[in-house]
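Here is a set of questions and answers for a reader who is new to this structure. Each answer sets a value against its definition.

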Amino acid sequence: MKQRSWSDVALTVWGVAVFAFLFLPIAVIIMSSFNTGRLLVAWDGFGFDAFTALVAKPAIRDAVLVSIQTGLIAAVLATLLGTLAGIAMARHPGRWALWFIGLLLLVSVTPEIVDAVALLPWLVFLGQDLGLAIFSDGIVRLVIGHSLFSIAVVSYIVRARLVGLEGQLEEASADLYAKPLTTFRRVTLPLAMPAVLAGFLLSFTLSLDNTVIAAFVQVSGTTPWPVYVLSALRSGLRPEIAAVSTIMLLLTLVALALVAVVLRRAGDSATQIARTMTGN
């Protein structure tokens, strides 16, 4: 048996330490969700009492439902707009596309606190000063805030997929006198569908953990789960917070697993899947 070099051993130990540093806090939260005590810092015993809070406590149930509802609507909006933008950039490249990519990059790198500070007075102006009641609705405000970054992510993913595919099929469809809408529905959209589905699922997961923008634009009665957790810090974290966070974590992992399955069936490599999941 070949003896491992000291560098291999050191790198292995370092890798284990990094993974422990990253995932031990999550493991602690998962374990704390089975605490029957009143606070997370005091372990009283093992049980499933904390998980019943999702049904027994209306405030927690409403916060989770708001997050899921907002995430789904924001994902649909981001997927629709991002898909159209990605297809346009891939199939009609030019100087405008470079400028548009620059704008999307600006959206991607802008700190969330800047977006939040900009959105709040803008939504107040639209909803109260101009009297557009739709912009005073809590769900609408959250969807707008959550979909900003997601639209850019979906655009990148769809564009990256179509750029790697030649447009010969669309050209053949046009040569057969198919209308542009028919070509889009029968050829272009099926080619982009794996990226569209991946973008939808990623948009949903990004919306679930959006905290900064949600804290600024949310209104009373539509408090999402991350903002509820922040407000709960004042009275101390309770086991039900950990229990619902564990459920949200599992929901996020399921969505990411579906992204990986969709992209794998589309023929993407592990590296391409990892780049897609990080929005690159």
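## Helices, burial and contacts

Q: At what angle do helix 3 and helix 6 pack, and how far apart are their axes?
A: Helix 3 (residues 58–91) and helix 6 (residues 138–163) pack at an angle of about 35 degrees, and their axes are 5 Å apart. Axes are lines fitted to C-alpha atoms, for helices over the stretch in contact, and angles run from 0 to 180 degrees between N-to-C directions. The crossing of helix 3 past helix 6 is right-handed. A crossing is right-handed if the near helix is turned clockwise from the far one by less than a right angle, and left-handed if anticlockwise.

Q: What kinds of residue make up the contact of helix 3 with helix 6?
A: This contact divides into 18 nonpolar, 10 polar and two charged residues. Ala, Val, Leu, Ile, Met, Phe, Trp, Tyr, Cys and Pro count as nonpolar, Asp, Glu, Lys and Arg as charged, and the others, Gly among them, as polar.

Q: What kind of model is this, and how are residues numbered?
A: This is a predicted model, in which local features need pLDDT of at least 70, side-chain atom pairs count only at pLDDT 80 or more, and totals for chains, interfaces and linings use all residues. Residues are numbered from 1 along each chain as its sequence is written, and side-chain values use heavy atoms, with hydrogens and water left out.

Q: How many helices and strands does the chain have?
A: The chain has 12 helices and zero strands. Helices (H or I, at least four residues) and strands (E, at least two) are DSSP runs, numbered from the N terminus.

Q: Why are helix 10 and helix 11 called roughly antiparallel?
A: Helix 10 (residues 225–232) and helix 11 (residues 239–265) pack at an angle of about 160 degrees, with axes 11 Å apart. Angles under 35 degrees count as roughly parallel, over 145 as roughly antiparallel, 65 to 115 as roughly perpendicular and the rest as oblique. The two helices are therefore roughly antiparallel.

Q: Which residues of helix 10 and helix 11 meet?
A: Trp225, Tyr228, Val229 and Ala232 in helix 10 meet Glu240, Ile241, Val244, Ser245 and Met248 in helix 11. Contact means heavy atoms within 4.5 Å. The residues of this contact divide into seven nonpolar, one polar and one charged.

Q: What makes helix 10 largely enclosed by the rest of the structure?
A: Six of its eight residues are buried, so helix 10 is largely enclosed. Buried means under 20% relative accessible area, exposed over 50%, and partly exposed in between (1.4 Å probe, protein chains only). The cover over the buried residues of helix 10 includes helix 3, helix 8, helix 9 (212–217) and helix 11.

Q: Is Ser147 buried or exposed?
A: Ser147 has a relative accessible area of 3%, so Ser147 is buried. Ser147 is placed in helix 6 and touches Ala74, Leu77 and Ala78, not counting residues up to four places away in sequence.

Q: Why does Thr205 count as buried, and what does its side chain reach?
A: Thr205 counts as buried because its relative accessibility is 9%. Its side chain reaches the backbone oxygen of Leu202 at 2.8 Å.

Q: Why is Phe125 called partly exposed?
A: Phe125 is called partly exposed because its relative accessible area is 34%. Phe125 lies in helix 5 (residues 112–129).

Technical notes:
Polar contact = N/O pair within 3.5 Å; in protein donor to acceptor, adjacent residues only side chain to side chain.
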